[in-house]
Amino acid sequence: MAALGAAMAFKESASEAVLEPTAKDIVRANGIAGATVEATVREDFPSAGDQSVRVTVTTQAPYTLAKVVGMGDRFAVQTQSFASLTTQAPYAPPCFLALSSANDAITVTGGASIDAPDCSIAAIGGVQNKGQLIRGHDIISGSGDISVNYGTLSAETLRFAGSFSAPSWNGNVPPADKRKNQPTELVDPWADNAELSDARSELGHHTSIPGLSNPDTSVCTGARDYALDWNPNGSNPAKNYWTGSGYNLPAATYCIKKLTTGGGLSIKFASGSRIYVQQGVAISGGTSVDFGDSDIFVNGGFDSGSSGVTIGDGTLWIGSGGQVKWQGTNHKGNGTVIINQTIKLGGGQKLLVGDGSHFFGGFDLGGGGSAKMGDGDFTAVAGIFIAGGSELAVGDGDYLIGPGSGNSAIKLSGSAIYLMGDGTFSANGDIDTAGGSRIAFGRTRNHYINGNLKIAGSAVFGAGRYTIAGDFANGTGGTTWPYTSPLNGITYGSAFSGYDMGGSDVTFILGGTLNLAGGARTKLVAPSGSVAGGQIADLLVDSLTTADTNWTGGSANNFAGTVHVPNSNVKMSGGNTTLGNGQCFTLIAGKIAANGGAATGSACQSMAGDTDGKSSSIRLVR
């Protein structure tokens with residue numbers, strides 16, 4: 001009791017000064033008065049690398065017979081006990097763990113291999129090597145058998161509850177003294193994780209998008225048509241501002257029924273104006289219009305003309321009536337922008353917007369059309385659709401993206417580009433990208449995707465959690481990072497040079513499967529620490545799906561962290577490689593199968609929650 005008590009006190013304080021006082025108090029409390037009590041820390045006991053507390057109690061016991069013959073009547077009685085502070089585990093913690101109890105819980109066939117020399121490769125059920133190599137610090141079948149055909153089993157120990165079988169001619173197996181025929185208890189270390197349970201409860205979450213209303217242009221009374229043509233007549237309300245080649249309109253409040261222009265003019269509104277248009281704006285080809293730093297409210301449609309328009313700082317609000325066309329190159333300064341209709345830009349057309357809150361009915365960028373938004377909240381009610389050769393670059397702010405046709409929140413065709421800054425993210429629908437495209441997510445605590453995430457081009461994931469209601473799939477590859485946008489001059493993906501898909505300090509919580517195929521090269525790194533409501537330390541991917549997880553083709557994955565799919569069968573095949581690349585990669589699945597030319601491995605020495613294979617529980621060892 002004194003040894004246990006002193007060990008607990010030492011663990012709490014990390015000071016040897018507490019050892020003897022604690023042990024003496026316990027000895028006295030148990031009725032042993034006048035005893036000599038010694039308490040010390042003993043290194044490398046009971047095994048090398050272990051640490052224990054040793055308590056020695058010495059008392060004087062009466063010796064009646066000795067007194068009769070003239071000897072002393074007392075002699076010293078001494079006893080000692082050891083309480084272990086650390087205990088070396090009998091095997092290395094597993095970094096490949098199959099939770100199935102079936103005979104084929106872990107299988108390797110063909111030229112495939114599982115190579116993790118510093119940690120265990122373990123299964124509750126059987127481990128079968130019908131392929132090239134299984135190498136681990138230990139290879140464990142907790143309740144089943146281990147078998148090998150022509151391939152190699154390399155381990156410090158083989159542990160199996162049932163039997164071990166190998167052809168007599170196969171010498172590439174551990175010797176008999178390394179084989180332990182005994183059951184091993186294996187458990188899922190994430191099974192009762194509270195952070196993970198909370199994270200799963202948010203699957204399907206998204207932020208509702210508020211409805212967009214039209215501007216009230218009726219507040220301005222006495223509206224008149226403004227026909228800004230060549231040689232204005234006497235009834236034209238802008239005739240006094242004619243310059244001979246256009247119009248210079250002073251700062252004022254303009255109540256306009258319909259605004260039209262002739263072609264080839266130069267038109268300027270002075271800054272400080274407030275412009276209301278009730279029945280639309282139509283600008284003819286070749287005419288340049290500069291609205292200055294003005295507040296503009298338009299119903300009935302907006303056509304910028306082939307030269308585009310310039311709008312300075314201020315509010316721009318265009319309602320849902322009539323057609324909105326942005327031709328040429330259009331500039332908008334800082335301020336709130338509300339356009340209730342879908343932005344449509346075709347070949348060579350541009351919309352360049354400064355900082356402020358940005359609300360749109362949606363985005364539909366055709367071949368060669370591009371748009372840039374500065375910092376500020378960004379809302380696309382009916383989703384974002386970008387065709388090949390088009391780019392949308394948006395700054396920092398909160399992102400709200402709703403579903404468009406086919407439940408797509410974001411859809412990118414080949415060579416399309418969508419680049420996002422940092423800020424909260426909610427997409428109510430699928431995100432689907434084609435080969436050759438690029439998408440970059442910013443940093444935020446939690447990215448909510450109420451649908452599937454299907455990446456066939458390249459993707460960069462900013463730090464944070466990704467809560468994906470459906471599947472996460474990476475396809476063909478071929479477009480690698482980094483990339484510098486010609487719209488904003490920012491370089492994306494510098495940390496993932498040569499990779500198609502990359503993310504650091506990321507956790508993915510899935511409602512569906514993680515499928516990796518094609519020739520994509522992926523680098524994903526889990527966070528080292530947790531963030532409340534965000535990423536979870538050491539966890540890269542989690543899903544409770546019962547569907548198969550397929551990593552196929554020539555996909556090459558560099559994973560650091562834990563992929564946790566406890567109910568799924570992970571199937572690696574073809575030329576797939578999934579490695580830790582010198583970092584700690586842990587795979588926990590229902591079953592793990594490596595087939596064909598697939599190769600997987602890890603430099604991991606322990607799973608999350610373990611420290612060099614040691615337990616910190618205090619127990620008596622002698």
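This dialogue explains how several features of a predicted model are read.

Visitor: On what basis are the features reported?

Guide: In this predicted model, local features need pLDDT of at least 70 and side-chain atom pairs count only at pLDDT 80 or more, while totals for chains, interfaces and linings use all residues. Residues are numbered from 1 along each chain as its sequence is written, and side-chain values use heavy atoms, with hydrogens and water left out.

Visitor: How is the packing of helix H1 and helix H2 described?

Guide: Two packed helices are described by the angle between their axes and the distance between the axes. Helices (H or I, at least four residues) and strands (E, at least two) are DSSP runs, numbered from the N terminus. Axes are lines fitted to C-alpha atoms, for helices over the stretch in contact, with angles from 0 to 180 degrees between N-to-C directions. Here the axes of H1 (residues 2-13) and H2 (residues 19-29) come within 8 Å and cross at roughly 145°.

Visitor: Which residues of H1 and H2 meet?

Guide: Contact means heavy atoms within 4.5 Å. On the H1 side, Ala2, Gly5, Ala6, Ala9 and Phe10 meet Leu19, Thr22, Ala23, Ile26 and Val27 of H2.

Visitor: How many aromatic pairs does a search of the whole structure find?

Guide: Rings of Phe, Tyr and Trp (its six-membered ring) pair if their centres lie within 6.5 Å; planes under 30 degrees apart count as stacked, over 60 as edge-to-face and the rest as tilted. The search finds 25 aromatic pairs. One of them, Tyr276 with Phe297, is stacked, at 5.1 Å centre to centre and 20° between the planes. Tyr276 belongs to strand E19 (residues 274-277) and Phe297 to strand E22 (residues 295-298), 21 residues apart.

Visitor: Are Tyr276 and Phe297 buried or exposed?

Guide: Buried means under 20% relative accessible area, exposed over 50% and partly exposed in between (1.4 Å probe, protein chains only). Both Tyr276 and Phe297 are buried.

Visitor: Where does the charged end of Arg438 sit?

Guide: A charge sits over a ring if NZ of Lys or CZ of Arg is within 6 Å of the ring centre and within 35 degrees of the ring normal. The charged end of Arg438 sits over the ring of Trp481, 5.1 Å from its centre. Pro482 lies in the loop between strand E45 (472-474) and strand E46 (483-484).

Visitor: What is the phi of Asn407?

Guide: Asn407 has a positive phi of about 60° although it is not a glycine. Its relative accessible area is 41%, so Asn407 is partly exposed.
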